[in-house]
Amino acid sequence: TDPSLLENSEFLEHPAKAAELVSKFKDIPPDLDHILWNHHEKPDGSGFPRNLTTSQLKPLSALFIFSHTIVDIIYELEKESLGITKKNIRARLSEDLYKTGAFKKCLESFDKTALFCDE
């Protein structure tokens, strides 16, 4: 996340606003509001808006957070005109950050995926 965005109160409030909005719909899966509320959290508690840690996040939230991180990395690689390879993505993933709870399974699954070329 761009550090300058963390000074913008509207940006900081968007997870709560999105969660509140979807909770008003009847046909939305029950955990979607939690996923949206938590999508900027990080396993070590350094995320926002509530500084939740791995043990406080449900597995679906962890999967969404991890996937969001992968998309952010792909965007960065594209912006830097670097190859979108598993090696380049993996180099930007913090092994320590994703070694606990459901995040560990996400990282293990990423390492096994065939979605990205190796070079």
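User: Where is T85 placed?
Analyst: This is a predicted model. In it, T85 sits in the loop between α3 and α4.

User: Why is T85 called buried?
Analyst: Buried means under 20% relative accessible area. T85 has 5%, so T85 is buried.

User: What makes the approach of the T85 side chain to the backbone nitrogen of N88 a polar contact?
Analyst: The T85 side chain reaches that nitrogen at 3.1 Å. The cut-off for a polar contact is within 3.5 Å.

User: How do you know whether L93 is buried or exposed?
Analyst: L93 lies in the loop between α4 and α5. Its relative accessible area is 6%. The limit for buried is under 20%, so L93 is buried.

User: Which residues is L93 in contact with, leaving aside its neighbours within four places in sequence?
Analyst: They are F66, T69, I70, I73, Y98, L107 and F110. Contact here means heavy atoms within 4.5 Å.

User: Which residues of α5 are buried?
Analyst: They are F103, C106, L107 and F110.

User: Why do the buried residues of α5 line one face of the helix?
Analyst: Seen down the axis of α5, they fall within an arc of 95 degrees, so they line one face. These buried residues pack against α3 and α4. The face turned away from the buried side carries the exposed residues K105 and K112.

User: What makes the reach of α5 close to the expected one?
Analyst: Helix α5 has 12 residues. From first C-alpha to last, α5 reaches 18 Å, close to the 16 Å expected at 1.5 Å a residue.

How values were computed:
Residues numbered from 1 in each chain as written. Predicted model: local features only at pLDDT ≥ 70, side-chain atom pairs only at ≥ 80, totals over all residues. Heavy atoms only, no water. Helix = DSSP H or I, 4+ residues; strand = E, 2+ residues; numbered from the N terminus. Expected span 1.5 Å × (residues − 1). Buried < 20%, exposed > 50% of the residue type's maximum accessible area, 1.4 Å probe, protein only. Arc of directions from axis to C-beta. Polar contact = N/O pair within 3.5 Å; in protein donor to acceptor, adjacent residues only side chain to side chain.
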